Amino acid sequence: MTAVELDEIDLALLTSLHEAPQIGVLETSRRIKVARATVQARLRKLEEAGVIAGWQPQIDVAAAGFGVQCFVQLHIAQGELDSVAAELAAIPGVIEAWATTGENDILCRVAAASHEDLQQTLIQIARSRYVARSSSIVVLSSIVKPRALPLLQTVDAKPSRAPRYPR
């Protein structure tokens, strides 16, 4: 995947969307002082490049009743990543999973309504014939919520050629 080089308008657009995701194209164009067509074109470019990965709501599973969470590290049978990925995707309590380097092969985030439900999800994961061993780490609290904007703000954005309205 080729990374997109973000310019100052892209960063302003992403910042505006992060701060107020429901404001719409016209209000976004007013806030970042560019034409509506520029906002639409930039949104399309960022979507096609995968920078904007979706428009779904950000759901807090704990607030929705699934307050028991853990990270699970899996060591799997050689060459079975696709098989394990399919099995994990079929388990509703597995809310994220990544292939990793190091001693373990996969890192999952699991959520459950209770410790008993968490235990059942962990048992379901361990039943996979491809999982050699697992270890889990229970989450006590979130100290840094998922975020991308602070990282994007470290980019030395090139100036944009698109016209901007006067401030």
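## Close-up views of a predicted model

**View 1. Charges across the protein chain.** The 17 positive and 18 negative charges of the protein chain have mean positions 10 Å apart, where Lys and Arg count as positive and Asp and Glu as negative, with His and the chain ends not counted, and each charge is placed at NZ of Lys, CZ of Arg, CG of Asp or CD of Glu. This is a predicted model in which local features need pLDDT of at least 70 and side-chain atom pairs count only at pLDDT 80 or more, while totals for chains, interfaces and linings use all residues. Residues are numbered from 1 along each chain as its sequence is written, and side-chain values use heavy atoms, with hydrogens and water left out.

**View 2. Thr28 in helix α2.** Thr28 belongs to helix α2, residues 24–32 (helices are DSSP runs of H or I with at least four residues, strands are runs of E with at least two, and both are numbered from the N terminus). Beyond its neighbours within four places in sequence, Thr28 is in contact with Leu13, Ser16, Leu17, Ile23 and Val39, contact meaning heavy atoms within 4.5 Å.

**View 3. Lys33 in the loop between α2 and α3.** Lys33 is found in the loop that lies between α2 and α3 (36–48), and it has a positive phi of about 65° although it is not a glycine. At 24% relative accessibility, Lys33 counts as partly exposed.

Notes
Buried < 20%, exposed > 50% of the residue type's maximum accessible area, 1.4 Å probe, protein only.
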